[in-house]
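This report describes selected local features of one protein chain. The sequence and the structure are shown first, and the description follows.

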Amino acid sequence: MHERILIVDFGSQYTQLIARRVREHQVFSEVVPPSQALEAAKNGDLHGIILSGGPASAYSEGAPTMPAEMLSLGVPILGICYGMQWMCETLGGEVLPGESREFGFTELEVTEAGELFAGVAASTVVWMSHGDHVSRLPEGFSRLAHSAHCPEGAIANPEAKLYALQFHPEVGHTAEGQRILQNFLRHICGCQGDWTPRDLAEELIQSVQDQVGPDGEIVLGLSGGVDSSVVGAICQKAIGARCHAIFVDNGLLRAGEREMVETAFRDHFELDLTVIDAADRFLNRLAGVTDPEEKRKHIGYEFVEIFREQAKRFSGAKFLGQGTLYPDVIESVAAHGGPTAVIKSHHNVGGLPEDLEMDLVEPLRLLFKDEVRALGLVLGLPAEMVGRQPFPGPGLAVRCVGECTPQRVRILREADRIVREEFEARDEHHGVWQYFAVLTGARSVGVMGDQRTYEEACAIRAVQSNDGMTADWVYPSRDCLQAISSRVINQVRGINRVVLDITSKPPGTIEWE
Ligand code: XMP
């Protein structure tokens with residue numbers, strides 16, 4: 001049993017961020033909607049509770065709420081923004097709209113440091129985002145900090161172990177947010193920090209063993225991406241040859257991808273790996289198809305067909321391994337049980353058919369991506385596999401504008417290899433979400449060795465992003481651009497022009513199709 005912090009999701013856009021921040025202090029965090037909070041709080045060894053912010057007003061009809069009993073469990077509680085206002089309203093204080101609205105960077109004056117602000121400067125910058133404010137404190141509370149427009153910037157009732165902040169410590173803009181959270185976790189909740197990748201690896205291996213039993217078999221679709229690779233490593237260590245991995249070479253992979261998966265899993269991990277050589281099937285199916293959505297559909301269908309065929313080989317296998325991560329789980333929970341208006345309910349089926357009637361094995365379902373990466377290293381996966389950039393399921397097809405003929409895919413693969421090599425040779429890939437080549441389908445006139453050329457333009461696409469939902473374009477160094485340009489034009493037959501894509505998302509998307 002790990003130390004545990006419960007995060008009640010009142011609908012804040014930052015709830016996931018709170019959960020991640022807590023984990024960064026090596027303390028396990030769990031997100032629940034208010035409707036399940038009391039039950040979750042009574043279930044096991046709880047060290048503290050954080051109440052998230054949210055878009056509602058605590059005094060309005062239908063605002064998210066939960067039993068007041070949550071506040072008298074004797075467990076330390078930190079309310080953030082709406083969480084603070086809900087706490088005050090519930091305990092007999094008063095919350096009012098207007099007047100002291102604050103959005104953005106705000107100077108906070110700390111008047112009573114106590115345990116929560118220990119080591120924090122007397123004047124510090126915080127991130128505010130509120131329209132309502134606490135106008136009267138509940139009994140037993142006193143003020144710890146204020147800003148010019150918000151008298152109750154931070155409050156506490158240390159005897160009752162209740163603390164609350166009007167600002168957002170979880171947001172990077174709050175200069176000392178991490179210290180404040182650390183004070184809450186370490187000093188107020190008494191957490192030591194027992195959530196480490198090494199212990200976690202052992203636990204996950206054990207949990208897979210427990211779930212599938214002594215004879216159970218798992219079928220796992222391996223994509224070569226970080227998540228399915230880590231699941232592969234866990235399952236192999238848990239049940240050895242009873243885990244059957246399937247990797248489909250669809251002819252739309254990056255250079256070296258198949259070899260990396262084969263080397264890592266077959267040679268190093270001794271995983272039972274089946275590589276399906278299906279390049280012809282996919283490329284034949286894509287012949288003559290130019291519409292982006294049509295391409296995606298064809299690729300998806302072909303994956304499902306191949307997996308169905310393969311699943312027959314393992315008809316005794318009752319378990320399907322998947323790399324579902326915690327953000328997907330939180331989104332589903334929020335969509336079904338919480339107050340957050342989430343648009344998508346994410347299912348990480350990775351192109352696998354859902355009617356296979358197998359139980360899911362999802363060892364990563366409580367983890368964030370950075371935790372998965374740390375876990376991968378502990379499990380012994382190569383650093384270049386664990387740290388690699390995301391690669392879309394439909395592969396190079398969504399970067400090959402127009403028809404995916406075998407020749408055009410070959411040209412793109414070669415250009416993409418050069419783009420990656422030049423970024424990595426200069427360490428310019430660090431902190432870059434994705435960096436790759438696009439075959440644009442645009443042809444232009446050039447001259448090489450006194451000869452006229454009429455070939456395709458290749459675009460360099462490099463973006464910075466936290467989650468792929470929004471992105472900024474990256475400006476590589478001149479040196480890097482120069483090297484890519486001259487190598488691609490000299491070495492890749494079929495490309496005579498290189499351009500840089502300087503479109504953010506929105507309004508663009510990261511992939512071209
Ligand atoms: P877009 O192009 O929508 O991409 O801005 C956002 C992020 O998602 C990745 N992506 C995909 N990943 N299957 C995937 O697994 C897909 O069909 C797919 N399409 C886009 C893309 O690489 C980027 O990181």
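## Local features of the predicted model

Glu305 lies in helix α9, which spans residues 292-313. The structure is a predicted model. With a relative accessible area of 38%, Glu305 is classed as partly exposed. Apart from neighbours within four places in sequence, Glu305 is in contact with Arg281 and Arg285.

**Packing of α5 and α11**

Two packed helices are described by the angle between their axes and the distance between the axes. For helix α5 (residues 197-212) and helix α11 (residues 369-378), the axes come within 9 Å and cross at roughly 80 degrees. Because angles of 65 to 115 degrees count as roughly perpendicular, α5 and α11 are described as roughly perpendicular to each other. On the α5 side, the residues that take part are Pro197, Arg198, Leu200, Ala201 and Leu204, and these meet Ala374, Leu375 and Val378 of α11. Sorted by class, this contact of α5 with α11 comprises 7 nonpolar residues, no polar residues and 1 charged residue.

**The two sides of α2**

Which residues of helix α2 are buried? In this helix, residues 34-41, the buried positions are Pro34, Ala37, Leu38, Ala40 and Ala41. They lie on the same side of α2, because the arc they cover around the axis is only 170 degrees. An α-helix has 3.6 residues a turn, so residues three or four places apart point the same way. The cover over the buried residues of α2 includes β1 (4-8), β2 and β3 (48-51). Ser35 and Glu39, in contrast, are exposed and sit on the face of α2 turned away from its buried side.

**Backbone geometry**

Most residues other than glycine have a negative phi, and most peptide bonds are trans. The exceptions described here concern both phi and omega.

Gln26 is a residue other than glycine, yet its phi is positive, near 60 degrees. Gln26 is located in the loop that runs between α1 (15-24) and β2 (28-32), and its relative accessibility of 33% makes it partly exposed. Cys81 also is not a glycine and has a positive phi, of about 55 degrees. Cys81 belongs to the loop between β4 (77-80) and α3 (82-90). Its relative accessible area is 6%, and Cys81 is therefore buried, since the limit is under 20%.

| Residues joined | Peptide bond | Omega |
|---|---|---|
| Lys505 and Pro506 | cis | about -20 degrees |
| Pro506 and Pro507 | cis | about 10 degrees |

Pro506 is placed in the segment after β20 (495-500), and Pro507 is also in the segment after β20.

**Cysteines**

How many disulfides does the model contain? The count comes to 0 disulfides. Cys88 takes part in no disulfide, as the nearest cysteine sulfur, belonging to Cys150, is 11 Å away. Cys88 is buried, at a relative accessible area of 0%.

Terms used:
Residues numbered from 1 in each chain as written. Predicted model: local features only at pLDDT ≥ 70, side-chain atom pairs only at ≥ 80, totals over all residues. Heavy atoms only, no water. Helix = DSSP H or I, 4+ residues; strand = E, 2+ residues; numbered from the N terminus. Buried < 20%, exposed > 50% of the residue type's maximum accessible area, 1.4 Å probe, protein only. Disulfide = S-S within 2.5 Å. Axes fitted to C-alpha atoms, helices over the stretch in contact; angles between N-to-C directions. Parallel < 35°, antiparallel > 145°, perpendicular 65-115°, else oblique. Contact = heavy atoms within 4.5 Å. Nonpolar A, V, L, I, M, F, W, Y, C, P; charged D, E, K, R; others polar. Arc of directions from axis to C-beta.
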